[in-house]
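Have the sequence and the 3D view ready as you read.

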Amino acid sequence: MTTILAVRHLLWLAFRSDPGRLARASAMLAAGFLSTPLIALCLKSLTTAAVNHDSGTAARLALITAALLVFELMMNHFAHLSYFELGDLSEVEFQNELITLAHGVGNLEQLDTPAYADTLALVREELPRTRASLEAVLQLGGLVLQMGLTAVLLGSLNAWLLLLPVAGAIPVLAGNRAQRLVDRAKEDTAALTRLGRHLLETTTMLASVKEIRLSGAEAMLIERHQRDWATTSTALRRAQTRAALLRAAGQLTFAAAYGGAIYLVVRQALQGGSGLGDVILVIALAAQISFQVSNGLGLLTTVQAAGCTMERIRTLRTVAAASPESAVPGSGKLPAVLTRGIRLDHVSFHYPNSDRKVLDDVTLHIPAGTALAVVGENGAGKSTLVKLLCGLYRPTSGRILVDDVDLASTAPTGWQRRVSTLFQDFARLELRLRDNTGIGDLDRIDDDQALQQAIDRAEAGPVRALVPDGLDGLLGRGYGDGTELSGGQWQKLGLARTLLRRGPLLVALDEPASALDATAEQALFERFADLVTETRADTGAITVLVSHRFSTVRMADLIVVLEQGSVSEVGTHADLITSGGLYAELYHLQARAYA
Ligand SMILES: Nc1ncnc2c1ncn2[C@@H]1O[C@H](COP(=O)(O)OP(=O)(O)OP(=O)(O)O)[C@@H](O)[C@H]1O
């Protein structure tokens with residue numbers, strides 16, 4: 001069933017991309033495939049002419065046979081030129097769909113679900129085979145026509161010979177089952193395969209190689225990598241062995257039928273029922289059937305694998321469509337300007353891959369225009385709180401209200417467009433400097449003046465000077481000869497993106513200075529203060545800063561202390577120092593360290 005769906009979908013994609021090219025490729029493939037049994041027919045007539053000493057006819061038939069052979073090769077070659085590009089177009093269509101599935105739903109919860117992440121990783125890995133799948137579908141079509149003509153020719157000699165193509169179905173069915181075995185094993189080992197790839201990346205990428213070398217951890221990581229790969233490959237090898245045995249059993253059945261067919265015709269010839277030409281025809285056709293079946297099996301395996309990939313894409317689509325984020329949003333309309341602020345009402349949250357509450361019954365009112373600082377120990381839930389405020393995740397229970405509008409009743413992307421952020425794990429886009437900054441506000445990606453202003457405000461002017469082609473210069477060396485930047489320089493570009501966005505209602509900076517030097521950090525916090533003043537006057541925006549630097553945190557209007565997912569203290573710096581809780585303790589600890 002999945003195979004039929006794959007065939008239909010691949011043909012539909014090819015038709016949508018270029019119907020003319022699909023028609024040409026199909027016609028040429030059909031002509032090429034149909035000429036093969038005709039060659040066997042020519043060989044029969046050629047043998048008969050030779051036996052009858054009819055040299056003129058024999059010479060003509062030899063020429064026709066040669067011409068058919070050339071025709072068959074040419075048709076296959078020209079068909080390939082046509083469907084090659086169609087395969088490329090189909091692959092791009094699938095890639096786009098995959099990107100949409102990773103970003104289509106408004107939140108990130110699906111990406112945190114192990115089953116969804118595994119399926120997404122498998123599809124990503126399998127997509128490059130799409131081109132071969134379309135080719136296989138078209139060739140399989142040609143092969144079916146060829147087998148039909150072969151059956152007609154065989155049936156005209158002896159009705160029993162019609163069983164020969166039927167016997168060809170046995171290895172096909174066995175091949176089907178074998179492919180399912182291999183696919184199941186792949187699914188069962190998907191998580192380990194991902195881990196193996198992660199270990200390989202970690203042990204070979206410059207960023208981690210330094211630490212691994214200095215700690216001497218390579219032997220331990222190699223051992224771990226080998227152990228995981230051994231587990232994966234044992235499971236896959238077992239499935240491949242069982243699949244190979246199944247395929248061999250199917251092919252043996254066909255080989256027996258093949259031997260039987262030749263025996264039948266030779267006996268018929270010995271009894272005078274057919275001539276030598278017929279024997280040659282059967283031998284040639286039976287040899288073709290053998291090729292057709294093994295070729296067909298290979299093609300079918302490719303199409304079946306495409307079927308599995310499409311089934312996985314369908315699963316991703318279904319899960320994405322069933323996600324609460326995909327539901328038609330309610331009537332909630334976001335304000336143009338924030339007047340009352342953001343309220344968290346008994347918000348609790350756990351990640352989809354765990355039952356542990358990362359935020360537990362958080363209730364908080366952040367008035368419009370507030371500069372809020374969130375502090376707490378590592379793992380207290382600060383970044384998670386920011387992600388919820390940005391609408392990247394939904395509370396597991398409770399509500400987040402923006403000027404009394406429940407975020408759950410609005411389209412997630414609507415709110416996300418009004419949020420400007422710089423995360424701890426900010427994106428490093430190995431694209432042009434223009435793209436890196438411009439994605440902060442796509443409408444202004446071609447506005448050189450706005451981009452340069454944002455870059456200057458983020459103190460990233462020297463970065464621009466480093467890039468030979470300025471805004472149009474490539475960054476990073478991942479795939480091109482771009483300019484490599486330091487961690488702090490990438491972070492400054494992240495800030496430039498944040499500063500580029502116009503009219504946000506929420507500006508969230510999560511450890512924005514983690515990679516910056518002291519001067520850059522000082523400059524950043526001056527920018528932060530400007531940003532608070534600007535956005536407050538502009539849209540009543542709230543600015544949220546997550547930081548471990550208390551010298552900066554103390555400047556905030558409101559400080560929230562998180563402890564194991566719960567709010568333990570809220571107030572101004574003066575309030576919290578007076579109350580002498582965790583904030584006061586941490587503040588004095590840091591002040592003493594700097595003194
Ligand atoms: N994608 C995720 N899936 C499952 N658990 C997660 C995920 N991201 C974070 N967590 C868990 O949530 C808890 C809170 O993480 P969070 O990043 O919010 O802490 P934090 O206060 O920002 O810490 P830090 O100061 O170290 O940045 C941690 O225990 C972490 O293990």
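**How the helices meet**

In α1, Val7, Leu10, Leu11 and Ala14 meet Ser133, Leu134 and Val137 of α6. Sorted by class, the residues of this contact between α1 and α6 are six nonpolar, one polar and no charged. Keep in mind as you look around that this is a predicted model.

How can we describe such a pair? Two packed helices are described by the angle between their axes and the distance between the axes. Helix α1 covers residues 2–17, and its axis lies 10 Å from that of α6, at an angle of about 105 degrees. Angles of 65 to 115 degrees count as roughly perpendicular, so α1 and α6 are roughly perpendicular to each other.

Now turn to another partner of α6. Helix α2 (residues 19–51) and helix α6 (residues 130–157) have axes that come within 8 Å and cross at roughly 30 degrees. Because angles under 35 degrees count as roughly parallel, α2 is roughly parallel to α6. Their crossing is right-handed. On the α2 side, the residues that meet α6 include Ala25, Leu29, Phe33 and Leu41; on the α6 side, Leu138, Gly142, Leu145 and Leu153 are among them. The contact of α2 with α6 is made up of 12 nonpolar, eight polar and no charged residues.

Stay with α2 for a moment. Just after α2 comes histidine 53, which takes a positive phi of about 55 degrees.

One more pair is worth a visit. Helix α8 spans residues 190–204 and helix α10 spans residues 218–270; their axes come within 9 Å and cross at roughly 155 degrees. Angles over 145 degrees count as roughly antiparallel, and α8 and α10 are therefore roughly antiparallel to each other. The crossing of α8 and α10 is left-handed. Among the residues that meet here are Leu192, Leu195 and Leu199 in α8, and Leu221, Arg224 and Trp229 in α10. The contact of α8 with α10 holds six nonpolar, six polar and three charged residues.

Technical notes: Residues are numbered from 1 along each chain as its sequence is written. This is a predicted model: local features need pLDDT of at least 70, side-chain atom pairs count only at pLDDT 80 or more; totals for chains, interfaces and linings use all residues. Axes are lines fitted to C-alpha atoms, for helices over the stretch in contact, and angles run from 0 to 180 degrees between N-to-C directions. Helices (H or I, at least four residues) and strands (E, at least two) are DSSP runs, numbered from the N terminus. A crossing is left-handed if the near helix is turned anticlockwise from the far one by less than a right angle, and right-handed if clockwise. Two residues are in contact if their C-beta atoms, placed from the backbone, lie within 7 Å. Ala, Val, Leu, Ile, Met, Phe, Trp, Tyr, Cys and Pro count as nonpolar, Asp, Glu, Lys and Arg as charged, and the others, Gly among them, as polar.
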